[in-house]
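Here is a brief report on one chain. It covers strands, annotated positions and domains.

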Amino acid sequence: MEKVVAKMQDAGLSKAAIDAFKQNYEQLVAGATGLVPESDIEAIDKLPRLDDMQSSDKSDLKKLLSQTAVLKLNGGLGTSMGLEKAKSLLEVKDGKTFLDLIAEQIKHTRKEFGSQVRFVLMNSFSTSEDTKEHLAKAHGDLLKERNLELLQNKSPKIDAKSLEPITYPEDPDLEWCPPGHGDIYPSLLGSGFLDSLIKDGIKYLFVSNSDNLGATLDLDLLSYFAAENKAFLMEVAERTAADKKGGHLAKRKSDGRLILRESAQTRDEDKDAFEDVTKHKFFNTNNLWVNLDALQETLKSAGGVLKLPLIKNKKTVNPRDSSTPAVFQLETAMGSAIECFNNAGAVVVPRHRFAPVKTCNDLFILRSDAYKVTEASTVVLAGKTCPSVKLDDKYYKLVDKMEALTEAPPSLIGCKSVTVKGPVKFKRGIVFKGDVLVVNESSEPKALEAGTYSEQVKALTPVQVPALA
Ligand code: UPG
């Protein structure tokens with residue numbers, strides 16, 4: 001433990017960051033599993049619904065907005081999509097990135113209500129520079145605002161054999177990793193941001209993932225959150241068969257508190273119950289509302305560190321070189337803090353508030369005409385339903401490869417599903433209707449020419465795609 005603390009102190013990390021890491025490290029050393037047996041929890045049957053809140057009193061909105069900050073979690077790199085920069089800097093539509101659309105949404109709300117709702121980005125050491133560079137070019141006005149950037153902490157990667165901090169002289173930056181979005185709490189505390197926001201009269205913090213353009217500042221939810229005087233509110237969505245893997249909300253029998261149970265916290269014998277979406281009906285969208293006074297109080301009474309379950313990630317110190325030593329990256333999740341607050345709640349929101357881009361399939365749909373951008377810079381489905389897209393992972397898992405195979409996004413507005421097998425280059429002017437299967441049986445890329453397709457397609461033309469060579 002001393003070596004960990006010394007390393008963090010040498011790097012200038014705050015006491016709050018070090019204390020939070022110590023708690024994670026203790027869990028690691030103690031072999032804590034964080035398992036939540038099915039017998040310890042009750043399923044949640046009914047929750048308030050956003051759809052029933054439309055008539056809430058909006059007279060105080062201008063004031064409420066002036067007491068609100070919108071924070072986007074922007075510390076992750078999107079490595080699973082092959083990115084080495086913030087995912088929010090990916091282009092989504094009309095040359096605009098996630099970050100551009102988010103910035104425009106904030107400006108739109110400010111203008112409409114004449115209220116200076118605050119905007120905060122939680123960046124990590126991996127995303128700060130790129131993000132600020134982009135803002136300087138496109139939104140210099142925002143960059144000048146006080147407290148725009150909350151720079152999250154970094155934590156030492158732990159040698160899986162010795163459980164000491166790893167050293168990697170070839171590239172010392174790789175000795176560190178971001179501690180997960182649960183790090184928002186020590187980052188807010190240790191940086192003085194929390195005190196500063198409260199001093200500025202900010203009471204309500206709306207937090208969401210920057211890759212979820214469905215997570216707009218909803219005014220009915222803001223009014224509800226303020227009126228109910230909740231300490232913490234989680235937006236949950238109804239689980240479908242496709243959401244079996246994500247964590248679900250439950251009630252702990254011992255103290256009646258709401259908790260999140262992730263799949264990694266489920267015993268093998270409880271797997272069926274975990275996956276039963278008719279029993280455990282709700283999952284976390286990671287759109288979360290935090291009352292800052294309650295957070296300050298809760299942190300104070302917990303000695304500055306919320307007790308969040310550890311997420312232990314085993315990787316190699318150089319993620320691109322599997323022959324380098326194995327390490328543990330210790331992380332926590334922001335939503336798991338639901339169990340730390342005395343007066344926490346959850347609300348069921350419609351699915352459109354959850355439109356995350358986790359894979360290139362999601363990005364492919366978002367870039368197509370299946371989604372449109374509104375005047376308020378929000379992104380909504382253009383039709384009634386969202387098409388399902390399954391591109392061949394072998395050729396489309398990484399953004400640069402998908403882009404090399406896409407001259408222009410095909411039209412998906414009248415389409416139910418698209419499955420693509422093999423490397424297929426989409427030429428400009430393709431329209432998909434109904435259920436489409438495109439098959440290239442060879443491993444040499446072939447092109448799908450402009451036209452309308454509504455069933456199985458095998459007629460492809462040879463094409464050169466240098467980026468895939
Ligand atoms: N992020 C940070 N700092 C970190 C790690 C992540 O800012 O140290 C950001 C990241 O950029 C992204 C967001 O946090 O914007 C979410 O991270 P991501 O890895 O995409 O999501 P998960 O952690 O897998 O899942 C979260 C919740 C889960 C919820 C899901 C909804 O933990 O409960 O179901 O989001 O997408």
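## An enclosed strand

Strand β17 is largely enclosed by the rest of the structure, because four of its five residues are buried. The model is predicted. The cut-off for buried is 20 or more other C-beta atoms within 10 Å of the residue's own.

β17 pairs with β11, which spans residues 232-238. The two strands run in the parallel sense, and five bridges join them. Within this pairing, M234 has A346 of β17 as its bridge partner.

## Annotated positions

Which residues does UniProt list under "binding site"? The unreviewed entry gives K87, Q152, G180, D211 and K358.

Q152 sits in the loop that links β6 (149-151) to β7 (155-156). Is Q152 buried or exposed? Q152 has 28 other C-beta atoms within 10 Å, so it is buried. Setting aside neighbours within four places in sequence, Q152 contacts G75, M122, N123, S124, P178, D183 and S187.

K358 belongs to the loop between β17 (344-348) and α12 (360-367). K358 counts as partly exposed because it has 14 C-beta neighbours inside 10 Å.

## A three-stranded sheet

β22, β24 and β27 make up an open sheet, in the order β22-β24-β27. Its pairing is mixed. β22 (424-426) and β27 (461-462) are the edge strands, each pairing on one side only.

How do β22 and β24 pair, and over how many bridges? The sense is parallel, with three bridges. β24 covers residues 446-448. In that strand, A447 is the bridge partner of K425.

The chain divides into domain 1, residues 2-353, and domain 2, residues 360-468. Their C-alpha centres are 32 Å apart. Domain 1 puts 14 residues into the contact, and domain 2 puts in 14 residues.

On the side of domain 1 that touches domain 2, β3 (91-93) and α4 (98-113) are the elements that give two or more residues. Which element gives the most to that side? It is α4, with four residues. By class, this side of domain 1 has six nonpolar, five polar and three charged residues.

Methods. Residues are numbered from 1 along each chain as its sequence is written. This is a predicted model: local features need pLDDT of at least 70, side-chain atom pairs count only at pLDDT 80 or more; totals for chains, interfaces and linings use all residues. UniProt positions are given in the numbering used here, feature names are shortened, and annotations may be inferred rather than shown by experiment. A residue is buried if 20 or more other C-beta atoms lie within 10 Å of its own, exposed if 12 or fewer, and partly exposed in between; C-beta atoms are placed from the backbone. Two residues are in contact if their C-beta atoms, placed from the backbone, lie within 7 Å. Two strands pair if DSSP finds at least two bridges between them. Domain bounds come from an automatic or database domain assignment. Ala, Val, Leu, Ile, Met, Phe, Trp, Tyr, Cys and Pro count as nonpolar, Asp, Glu, Lys and Arg as charged, and the others, Gly among them, as polar.
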